Amino acid sequence: MTKVFSRILQKKKESGLTWDEIARSAHIRLGSWMTGLPTSQPTDEELRKMAPVLNTTYEYLKNGK
C-alpha cells in the first residue's frame, strides 16, 4: 500500500463515504488504484478533485503536508 493511498484511505474512513460516492462527488472515474494496488496510483488531477470531497488539501494527499 502506498503512502498516498494510505492518506486517501484515512480520509475516506473519516468522511464515511464510499469509493463510488467519492468518485461521483469528485467527478472522477472509479480506478484500479482504489483497490490499494501498489502498481496503480491516482493522478495529480484526481488528487486535486478528491481533496475537497475528503475535506483536505491536495498537498496533504500527495505529500502528507
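This is a predicted model: local features need pLDDT of at least 70, side-chain atom pairs count only at pLDDT 80 or more; totals for chains, interfaces and linings use all residues.
**Exercise 1.** Determine which residues of helix 3 are buried and where they lie around the axis.

*Solution.* Helix 3 spans residues 44-53, and its buried residues are Glu46, Leu47, Met50 and Ala51. These residues cover an arc of only 135° around the axis, and therefore lie on the same side of helix 3. The face turned away from that buried side carries the exposed residues Glu45 and Pro52. Finally, the cover over the buried residues includes helix 1 (3-15), helix 2 (19-26) and helix 4 (58-63).

**Exercise 2.** Identify the aromatic pairs of the structure and describe the geometry of each.

*Solution.* There are 2 aromatic pairs. Phenylalanine 5 and tryptophan 19 are stacked, at 6.0 Å centre to centre with 25° between the planes. Because phenylalanine 5 belongs to helix 1 and tryptophan 19 to helix 2, this pair ties together parts 14 residues apart in sequence. Tryptophan 19 also pairs edge-to-face with tryptophan 33, at 5.7 Å centre to centre and 85° between the planes. Tryptophan 33 lies in the loop between helix 2 and helix 3, 14 residues from tryptophan 19.

**Exercise 3.** Decide whether phenylalanine 5, tryptophan 19 and tryptophan 33 are buried or exposed.

*Solution.* A residue is buried under 20% relative accessible area. Phenylalanine 5 has 7% and so counts as buried. Tryptophan 19, at 18%, is buried, and tryptophan 33 is buried at 4%.

Methods
Residues are numbered from 1 along each chain as its sequence is written. Side-chain values use heavy atoms; hydrogens and water are left out. Buried means under 20% relative accessible area, exposed over 50%, partly exposed in between (1.4 Å probe, protein chains only). Helices (H or I, at least four residues) and strands (E, at least two) are DSSP runs, numbered from the N terminus. The arc is that of the directions from the helix axis to the C-beta atoms. Contact means heavy atoms within 4.5 Å. Rings of Phe, Tyr and Trp (its six-membered ring) pair if their centres lie within 6.5 Å; planes under 30 degrees apart count as stacked, over 60 as edge-to-face and the rest as tilted.
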